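Please report on this structure.

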Amino acid sequence: MPRVLVNGPASWNTLIRLPALPDPRSQTLFASGHHDGLGGTSAGKAITLAALGVDVTLRTALGDDREGSLVRTALAHPRITLVVQDVPATERHVNLMADDGSRVSLYLELPSPPPAPLPTLDGVATAVLDLADHSRPLLVAARAAGVPVWCDVHDDDGTGEYPRDFVAAADVLLVSAARLTDRRAYLADAVARGCRLAVCTDGGHGALALDADGWIEVPAAHVDEVVDANGAGDAFLAGLLSGTLDGLPVEDALARASAAGALAVTTTALGAPTATVATLDRTAATLDVKRV
């Protein structure tokens, strides 16, 4: 399996579950559950890719602190090579998670690593470059080296300044429907500007994709219970990339992606660390992914 470079955040988070997000007023609330664990969009992608048999180089920023040690331990996997940029403190969040899937993320630490030499792109099949300032130089370097660039811009609304360079550089683009007013226009604009495949995920409503051959509707795989939606989008991208590296038709790769995203919401662990290609493809075979 070709090697994948993933660049972006890894963090140590506290997740607090509530029946509903609180109103903005002074009050006392009782959590229905809480736990600490690995976080960060790049960590979630690396964990799922490794579970699916993909060799990953994860380049991220970590501090020489307790949280950094916990992140390193959580990312210990024979298929993950960790390349660390040193920062004073490891990224940390407190995430308030409501039963309807909504979330508020409170950043306790957001490290900004100093400029550093870029990793080699020799032998890299795909560069997954997540939203972080230390990903920006790699957008240019990967394109110059002919390495396909995959970008997950999360809840981009199409107008915010920060994701624009990532959207422009992406060969494959993943976005959430959360803040889009017209997802078809967003995806069509991306493909018109040269993106090979643009995908908009919409939780339990599935996903909509567009490539040069037209629109593709992707149903959500069924789950009995949503335990934690954190990392579902990261698992979706990892499943899609795994299928693409395996040479699957785009419809089959999207079906594997949907299965990976569904598996991720059934656990409090980040991404889909127990995923296998066989289990995902059994679920994918039940999905009616179709061009429309």
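A residue counts as buried here when its relative accessible area is under 20%. The model is a predicted one. By that cut-off, helix 1, residues 41–51, is mostly covered, with ten of its eleven residues buried. Those residues are T41, S42, A43, G44, K45, A46, I47, T48, L49 and A50. Just past the end of helix 1 comes G53, with a positive phi of about 90 degrees.

Helix 7 runs over residues 250–264. Its 15 residues reach 21 Å from first C-alpha to last, close to the 21 Å expected at 1.5 Å a residue.

Twelve of the 15 residues are buried, so helix 7 is largely enclosed by the rest of the structure. The buried set is V250, A253, L254, A255, R256, A257, S258, A259, A260, G261, A262 and A264. What do these buried residues pack against? Their partners include three strands: strand 11 (197–201), strand 12 (207–211) and strand 13 (214–218). Helix 6, helix 8 (277–284) and strand 14 (290–291) are also partners.

**Helix 6 against helix 7**

Two packed helices are described by the angle between their axes and the distance between the axes. For helix 6 (residues 232–245) and helix 7, the axes come within 7 Å and cross at roughly 150 degrees. Angles over 145 degrees count as roughly antiparallel, so helix 6 is roughly antiparallel to helix 7. The crossing is right-handed.

On the helix 6 side, the contact uses A232, A235, F236, G239, L240, S242, G243 and T244. Helix 7 supplies A253, L254, R256, A257, S258, A260, G261 and A264. By class, the residues of this contact are nine nonpolar, six polar and one charged.

**A232 in detail**

A232 lies in helix 6. Is A232 buried or exposed? It is buried, at a relative accessible area of 17%. Leaving aside neighbours within four places in sequence, A232 is in contact with G261, A264 and V265. A232 and V265 are 33 residues apart in sequence, yet their C-alpha atoms are 6.0 Å apart in space.

**Helix 7 against helix 8**

The axes of helix 7 and helix 8 come within 8 Å and cross at roughly 105 degrees. Which way does that set them? Helix 7 is roughly perpendicular to helix 8.

Helix 7 brings A255, R256, A259, A260 and L263 to this contact. Helix 8 brings V277, L280, D281, T283 and A284. The classes here are seven nonpolar, one polar and two charged residues. R256 and A260 are also listed in the contact of helix 7 with helix 6.

H154 sits in the loop between strand 9 (149–152) and helix 4 (164–169). H154 is not a glycine, but has a positive phi of about 55 degrees. Its relative accessibility is 27%, so H154 counts as partly exposed.

D155 belongs to the loop between strand 9 and helix 4 as well. D155 is partly exposed, with a relative accessible area of 37%. Not counting residues up to four places away in sequence, D155 touches S176, A178 and R179. D155 and P111 are 44 residues apart in sequence and 21 Å apart in space, C-alpha to C-alpha.

Conventions. Residues are numbered from 1 along each chain as its sequence is written. This is a predicted model: local features need pLDDT of at least 70, side-chain atom pairs count only at pLDDT 80 or more; totals for chains, interfaces and linings use all residues. Side-chain values use heavy atoms; hydrogens and water are left out. Axes are lines fitted to C-alpha atoms, for helices over the stretch in contact, and angles run from 0 to 180 degrees between N-to-C directions. Helices (H or I, at least four residues) and strands (E, at least two) are DSSP runs, numbered from the N terminus. Angles under 35 degrees count as roughly parallel, over 145 as roughly antiparallel, 65 to 115 as roughly perpendicular and the rest as oblique. A crossing is left-handed if the near helix is turned anticlockwise from the far one by less than a right angle, and right-handed if clockwise. Contact means heavy atoms within 4.5 Å. Ala, Val, Leu, Ile, Met, Phe, Trp, Tyr, Cys and Pro count as nonpolar, Asp, Glu, Lys and Arg as charged, and the others, Gly among them, as polar. The expected span of a helix is 1.5 Å times one less than its number of residues. Buried means under 20% relative accessible area, exposed over 50%, partly exposed in between (1.4 Å probe, protein chains only).
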